[in-house]
Amino acid sequence: MLRALAAVLLIAFAGGAAAFAKVGEVRVAELPPEARQTLALIRKGGPFPYPKDGTVFGNRERILPQKPRGHYREYTVKTPGSRDRGARRIVAGHGENAVPVAGEIYYTDDHYRSFRRILE
């Protein structure tokens with residue numbers, strides 16, 4: 001019984017560690033131009049081109065650090081040639097007055113399977 005519990009805990013820990021390992025880093029200059037445009041809009045407070053921009057990102061994948069619900073907001077990064085919103089997003093942690101928190105802005109180009117923290 002104890003071995004089974006230890007195995008379950010090991011698997012759960014390994015899964016969590018693997019999730020956090022998926023958070024890399026990227027410099028602003030290395031982002032695609034559309035991501036830099038979205039980042040500029042976030043800093044200005046909009047206006048945003050997509051109705052879902054600025055909505056709560058639930059972090060259900062548990063890849064980003066755990067925060068209270070509502071902390072993270074998602075923004076679409078336009079994908080040239082895509083007929084819909086595409087897979088690219090910026091997810092930003094927000095503090096008081098809905099202001100993005102420095103150091104808590106992430107880019108994903110694979111629809112939340114992995115993230116890179118944007119280095120300013």
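## Contacts around I118

Contact means heavy atoms within 4.5 Å. In this predicted model, I118 touches V26, V28, L31, L39, I90, I105, Y106 and Y107, with residues up to four places away in sequence left out of the list.

## Confidence of the model

The chain has a mean pLDDT of 84, and 81% of its residues reach 70 or more. Residues 4-20 are a stretch where pLDDT stays under 50, and for them the model has five contacts beyond four places in sequence. Where pLDDT is low, the predicted coordinates should not be read in detail.

## Nonpolar cores

Which residues have the most contacts inside the largest nonpolar core? They are L31, A35, L39, I90, I105, Y107 and I118, in a core of 13 residues. Helix α2 (33-44), β4 and β5 (100-108) each supply at least two residues of this core. The largest share, three residues, comes from α2.

## Strand pairing around β3

Strand β3 covers residues 72-76, and four of its five residues are buried. Strand β2 (residues 55-56) runs antiparallel to β3 and is joined to it by two bridges. In this pairing, V56 has R73 of β3 as its bridge partner.

Strands β3 and β4 also run antiparallel, with five bridges between them.

R89 belongs to strand β4, which spans residues 89-94. Is R89 buried or exposed? Its relative accessible area is 3%, so R89 is buried, the limit being under 20%. Beyond four places in sequence, the residues in contact with R89 are E74, Y75, T76, V77, Y106, Y107, T108, H111 and Y112.

E74 also meets R85 in a salt bridge between their side chains, with an N to O distance of 3.2 Å. E74 is in strand β3 and R85 in the loop between β3 and β4, eleven residues apart. Both E74 and R85 are buried. Together with R89, these two residues are linked in a network of salt bridges.

Side chains of opposite charge can pair when their charged atoms come close. How many salt bridges does the model contain? The count comes to six. One of them joins E25 and R117, whose closest N and O atoms are 2.9 Å apart. Because E25 lies in strand β1 (residues 23-27) and R117 in strand β6 (residues 115-119), this pair ties together parts that are 92 residues apart in sequence. R117 is partly exposed, with a relative accessible area of 25%.

A further salt bridge is formed by E120 and R43, with 2.0 Å between the closest N and O atoms. E120 lies in the segment after β6 and R43 in helix α2, so the pair ties together parts that are 77 residues apart in sequence. Both partners are exposed: E120 has a relative accessible area of 56%, and R43 has one of 51%.

## Backbone features in the loops

The loop between α2 and β2 contains P47. The peptide bond from G46 to P47 is cis, with omega near 5 degrees.

The loop between β2 and β3 holds N59 and R62. Neither is a glycine, yet N59 has a positive phi of about 55 degrees and R62 has a positive phi of about 60 degrees. What sets their accessibility apart is plain from the values: N59 is buried, with a relative accessible area of 5%, whereas R62 is exposed, with a relative accessible area of 56%.

Notes: Residues are numbered from 1 along each chain as its sequence is written. This is a predicted model: local features need pLDDT of at least 70, side-chain atom pairs count only at pLDDT 80 or more; totals for chains, interfaces and linings use all residues. Side-chain values use heavy atoms; hydrogens and water are left out. Buried means under 20% relative accessible area, exposed over 50%, partly exposed in between (1.4 Å probe, protein chains only). pLDDT is the predictor's confidence in each residue, from 0 to 100. A nonpolar core is a set of buried Ala, Val, Leu, Ile, Met, Phe, Trp, Tyr and Cys residues joined through side-chain atoms within 4.5 Å. Two strands pair if DSSP finds at least two bridges between them. A salt bridge is a side-chain nitrogen of Lys or Arg within 4 Å of a carboxyl oxygen of Asp or Glu.
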